[in-house]
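Open the model in a viewer and keep the sequence panel beside it. The stops below are given in the order in which to select them.

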Amino acid sequence: MEHYIDQWKSVVAAHLNALAKEKGLDELSFSPERIIAEKPPKPELGDVGFPMFPYAKLFRMAPNQIALDVVARERRIVREGSEVEMASACDWPGNLNAVGPYLNVYLDRARAVEYLLAHSKEASWGSTSSLGGRRVMVEFSCPNTNKPLHLGHLRNNVLGESLSRITAAAGAEVKKVNLINDRGIHICKSMLAYLAYGEHRSPEDEGLKSDHFVGKYYVLFNTLKQEDPQAEQKAQELLQKWEAGDPEVIALWKKMNDWAVEGIMATYKRQQVSFDEFQFEHDTYKLGREEVLDGLARGIFYRGEDGAIWIDLEDMGLGKKVLLRKDGTSIYITQDIGTAIMRHETWPFDELIYVVASEQQYHFKVLFEVLRRLGYAWATNLYHLSYGLVNLPSGRMKTREGTVVDADDLIDELAKLAAQEIIEKGRAEAVGDIQSVAEKIALGALHYYLLQISPNKDMLYNPEQSLSFTGDTGPYIQYMGARASSILRKYEQGEGNATQGSPDPALLVSDADWPLVRLLIELPFTVEQSAKNRDPSILAGYAHAVASEFSAWYRDNPVLNNENPNMSASRVALVMAVQSTLRRASELLCVPFLEAM
RNA sequence: GCGUUCGUAGCUCAGCUGGAUAGAGCGACGGACUUCGAAUCCGUAGGCCGCAGGUUCGAGUCCUGCCGGACGCACCA
């Protein structure tokens with residue numbers, strides 16, 4: 001359904017056009033998209049506001065006068081009927097009022113309540129069709145297989161997963177892909193250290209999660225380097241052997257790689273992120289080479305004096321960039337060129353979103369431009385969702401300096417604290433499986449913390465603050481969901497007198513209930529906006545607003561304890577709408593919904 | 001040096017395509033549990049929106065310059 005703001009933009013545009021015609025200003029024409037709308041600062045001022053300033057000069061009228069004129073027109077049309085679309089016949093009926101230079105709409109509250117109660121029951125509540133028919137591929141995570149996931153990956157993973165869910169909710173067909181970086185010099189370093197210190201031990205032998213085991217040897221490479229000055233060179237040789245297909249090297253690579261991947265998969269499962277397809281760099285790293293050579297033949301690229309193949313992007317201020325080494329081997333971007341083409345061939349997408357840290361902005365600009373120059377029309381549909389780095393109060397995370405916040409350790413610690421909270425608050429019995437609920441609270445806290453900030457911004461990871469469960473956090477939203485669920489549970493058990501009445505939308509139109517209703521009907525539009533901007537933080541802010549509004553609302557407005565059975569039943573229906581709204585928003589934000597906590 | 005990006009309350013962040021008195025959370029201070037769960041709620045204090053110009057009826061939002069931070073400018077991924 002069309003957003004009520006868009007609908008009323010059309011109404012206002014129609015009125016302004018009529019006014020223009022009447023004044024003989026035939027060249028003036030306002031399309032609905034150009035009408036500026038906003039949310040009035042106070043609810044009593046109305047539900048949508050239209051400032052009239054922009055039209056003052058054009059009409060040679062004071063903004064106040066324009067507002068009054070439009071209102072008069074609207075009244076006349078409502079009274080007499082007209083070929084102009086009547087507001088009362090729209091999805092979102094309401095009436096117009098002039099408040100100084102502003103034109104404000106008061107929605108028909110009963111109709112809005114009806115809409116909410118009917119639609120929030122549906123399983124698809126919150127879904128829209130704004131991206132209907134579009135195929136969107138989302139690439140995210142893309143870990144190296146030489147060490148376990150850390151906090152930065154967690155941000156990437158939850159951004160990718162949440163964005164995928166939101167995009168799907170906006171109607172698109174989504175495919176989530178993960179390109180595992182399982183080859184390269186970094187892997188060889190872990191392998192070399194394992195050869196030096198591993199003594200054929202397995203992760204089980206050391207009692208370590210398999211990816212942590214591999215990571216341990218990656219760190220040990222630093223030790224090795226101090227003992228053996230040749231270490232770096234040996235790693236290079238190992239890479240060459242790997243590329244040559246040396247069976248022994250391949251066997252070791254496979255063994256360590258499997259360990260790393262196995263551990264990483266376990267973390268995905270725990271984080272509740274998933275992929276529709278895994279791609280492996282050892283399969284893709286040669287892709288793109290032919291493409292680059294072809295581009296060379298077609299004069300799009302050139303061979304430098306050094307023998308390597310280059311692209312000149314000076315005209316775009318991007319400088320020159322190597323696309324293929326002089327020995328004909330692929331580099332990072334060669335692989336990405338091939339992978340993009342392969343992806344579009346196997347699954348023709350309308351859009352491909354790369355969820356990759358902001359440090360790679362230059363890389364993606366070059367990549368997209370290369371593909372465009374190669375003549376791929378779809379290259380304009382590639383999008384780099386650049387997200388900022390996660391910093392610690394002490395500075396940037398660095399593996400070698402041991403300042404990394406490990407993903408598994410972090411979730412462990414959060415879960416431990418959540419379990420403590422449950423016990424301290426005496427909720428152990430009500431909650432049932434403490435460990436399971438604590439894990440969900442931990443994920444809710446972590447995911448919300450990572451998603452509430454606009455993706456493009458660097459963020460500061462404050463351990464203390466992230467471990468807190470109070471305030472603008474995931475657990476706060478979970479708590480409000482649990483409270484709503486609790487009320488509904490009591491209702492089902494027959495508490496209160498709601499069962500003796502029946503819901504009536506007309507009872508929910510007072511100022512007591514309206515702010516909550518108006519917020520709840522925004523879910524589909526917020527999902528749409530979040531998808532359009534590729535920004536889960538918009539939805540996160542909305543989820544918090546709903547939780548907060550609900551919290552204030554149920555303090556003042558008795559639901560089950562209401563003396564009027566019909567009012568009680570109506571409010572139960574409203575709580576159901578709150579529950580399904582929070583449930584859906586949480587799901588899209590990868591924050592587990594809890595019936596009790 | 002060049003490019004990208006960010007700079008809003010003590011701290012962490014919102015502020016949609018410029019619009020009606022700049023909003024949350026944390027922290028501080030003061031209140032509220034015989035009443036649908038206090039992981040909650042209510043109130044108070046706290047802001048030359050980095051600085052300076054410009055565009056506009058109107059700028060936290062757009063443009064220019066400067067200052068400050070982050071990231072990038074590899075035949076590494």
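Predicted model: local features only at pLDDT ≥ 70, side-chain atom pairs only at ≥ 80, totals over all residues.

Residues are numbered from 1 along each chain as its sequence is written, chains are lettered from A and ligands numbered from 1 in the order in which they are written, and side-chain values use heavy atoms, with hydrogens and water left out.

**Helix α1.** Select residues 4–22. Helices (H or I, at least four residues) and strands (E, at least two) are DSSP runs, numbered from the N terminus. The end C-alpha atoms of α1 are 27 Å apart, which agrees with the 27 Å that its 19 residues should span at 1.5 Å a residue; the expected span is 1.5 Å times one less than the number of residues. Among its buried residues are Trp 8, Leu 16 and Leu 19. Buried means under 20% relative accessible area, exposed over 50%, partly exposed in between (1.4 Å probe, protein chains only).

**Helix α8.** Next select residues 210–227. Centre the view on Phe 221, where α8 has a kink of about 25°; the bend at a residue is the angle between axes fitted to the seven residues ending there and the seven starting there. Phe 221 is one of the buried residues of α8, as are Tyr 217 and Tyr 218. Show α6 (185–197), α9 (231–244) and α15 (407–424), which are among the elements covering the buried residues of α8.

**Glu 369.** This residue is in helix α14 (residues 361–373). Glu 369 counts as buried because its relative accessibility is 7%. Leaving aside residues up to four places away in sequence, Glu 369 touches Leu 313 and Met 316 (heavy atoms within 4.5 Å).

**RNA strand B.** Finally, select the 66 residues that surround RNA strand B (a heavy atom within 4 Å of it). Lys 57, Asp 306, Arg 325, Arg 427 and Tyr 554 are the closest. α19 (474–492) gives the most to this surface, with 8 residues. At Leu 560, a backbone N or O atom lies 2.9 Å from a base oxygen.

Technical notes:
Polar contact = N/O pair within 3.5 Å; in protein donor to acceptor, adjacent residues only side chain to side chain.
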